[in-house]
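This report covers a surface patch and a set of charged contacts. The structure is shown first.

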Amino acid sequence: MIAGVLLGLAVLSEVAATASLRAAVDGSRRWYILVVGGYLTAFSLFAASLSAGMPLGVGYGIWAASGVAITAVLAKFLFKEALTPLMSLGIVLIIGGVVLVEVGSATAHVALG
């Protein structure tokens, strides 16, 4: 449970850092403070989630897929970037792949049990 919460916070920190990076490139350099802080926080929280028992493949898959999906949607609204049906399908396929990795991990854990 705690590993999942830490991972969720890592994802949110990474997405905030990535959005801040875009804001820094487009505007004020002060956003770079949030970029550095957000990425440091994200990696620290991801490491903590691994320490709390999150399997690496599952955790990284969830982190990457969630980051891609949330960032793409946020970019559409915050920065007026495109989010086409084909891009949306890609996000769905990424999420499906992460689900398969998680199910495979749980199956492997039971088999090794």
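Predicted model: local features only at pLDDT ≥ 70, side-chain atom pairs only at ≥ 80, totals over all residues.

Two or more residues of the nonpolar patch come from each of helix H1 (2-26) and helix H3 (56-78). The most is given by H1, with four residues.

Leu12 counts as exposed because its relative accessibility is 52%, and the cut-off for exposed is over 50%.

## Salt bridges

The structure holds two salt bridges. Side chains of opposite charge can pair when their charged atoms come close. Asp26 and Arg22 are separated by about one helical turn, because they are four residues apart in helix H1.

Glu81 also forms a salt bridge with Arg22, with the closest N and O atoms 1.9 Å apart. Glu81 lies in the loop between H3 and helix H4 (85-112), while Arg22 is in helix H1, so this pair ties together parts that are 59 residues apart in sequence.

## Network and accessibility

Arg22, Asp26 and Glu81 are linked in a network of salt bridges. Arg22 counts as partly exposed because its relative accessibility is 30%. Glu81, at 33% relative accessibility, likewise counts as partly exposed.

Notes:
Residues numbered from 1 in each chain as written. Heavy atoms only, no water. Buried < 20%, exposed > 50% of the residue type's maximum accessible area, 1.4 Å probe, protein only. Salt bridge = Lys/Arg side-chain N within 4 Å of Asp/Glu carboxyl O.
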